[in-house]
Amino acid sequence: EDVESNKTFNLPESQVVILGGVDRLAKGDVIYAVYPDTTSFYQATVVQTPRKVPGGDSFVMVNFKDDGDEHGITHDKAVPMQHVMRVPYGAIQ
């Protein structure tokens with residue numbers, strides 16, 4: 001639903017991805033993750049395996065593709081595991 005225009009968009013079931021169920025990630029795995037402070041998924045590479053914060057949720061450390069700063073350095077970012085999905089087969093060329 002587009003809240004600002006009050007429109008509802010319908011998708012075929014084949015285009016809906018249910019999040020969750022990503023339990024095993026290894027360093028170097030390519031995933032899609034929600035970029036911090038956005039609602040958009042971007043390609044990322046796992047740089048540190050998932051961990052759980054005491055009393056909190058699990059997160060994974062990633063580097064997002066094309067996310068270098070003005071010096072060309074890509075900084076690790078923490079992403080909650082509920083905002084991570086495996087890349088659909090054939091999506092990355």
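**Figure 1. Surface and overall make-up of the predicted model.** The protein exposes about 7,100 Å², of which carbon and sulfur atoms supply 49%, the accessible areas coming from the Shrake-Rupley method with a 1.4 Å probe, where for residues only the protein chains shown count as cover. This is a predicted model, in which local features need pLDDT of at least 70 and side-chain atom pairs count only at pLDDT 80 or more, while totals for chains, interfaces and linings use all residues. Residues are numbered from 1 along each chain as its sequence is written, and side-chain values use heavy atoms, with hydrogens and water left out. Along its principal axes the C-alpha trace spans about 40 × 35 × 30 Å.

**Figure 2. The strands of the protein.** The protein has five strands and zero helices, and its pattern along the sequence reads β-β-β-β-β; helices (H or I, at least four residues) and strands (E, at least two) are DSSP runs, numbered from the N terminus.

**Figure 3. The largest nonpolar core.** Twelve residues make up this core, namely Val22, Leu25, Ile31, Ala33, Ala44, Val46, Val60, Val62, Phe64, Val79, Met81 and Val84. At least two core residues come from each of β1 (30–34), β2 (41–52) and β3 (58–64), and β3 gives the most, with three residues. A nonpolar core is a set of buried Ala, Val, Leu, Ile, Met, Phe, Trp, Tyr and Cys residues joined through side-chain atoms within 4.5 Å, where buried means under 20% relative accessible area, exposed over 50% and partly exposed in between (1.4 Å probe, protein chains only). Of the 93 residues of the protein, 20% count as buried. In soluble globular proteins, nonpolar side chains tend to be buried together.

**Figure 4. The surroundings of Ala33.** When its neighbours within four places in sequence are left aside, Ala33 is in contact with Ser40, Phe41, Tyr42, Phe64, Val79, His83 and Val84, contact meaning heavy atoms within 4.5 Å. Across the protein, 36% of the contacts between residues at least 6 apart in sequence join residues at least 24 apart.

**Figure 5. Two loop residues with positive phi.** Asp37 lies in the loop between β1 and β2, and its phi is near 65 degrees, a positive value in a residue other than glycine. Asp37 is exposed, with a relative accessible area of 85%. Asp66 lies in the loop between β3 and β4 (77–80), where its phi is near 60 degrees, again a positive value, and Asp66 is exposed, with a relative accessible area of 74%. Most residues other than glycine have a negative phi.
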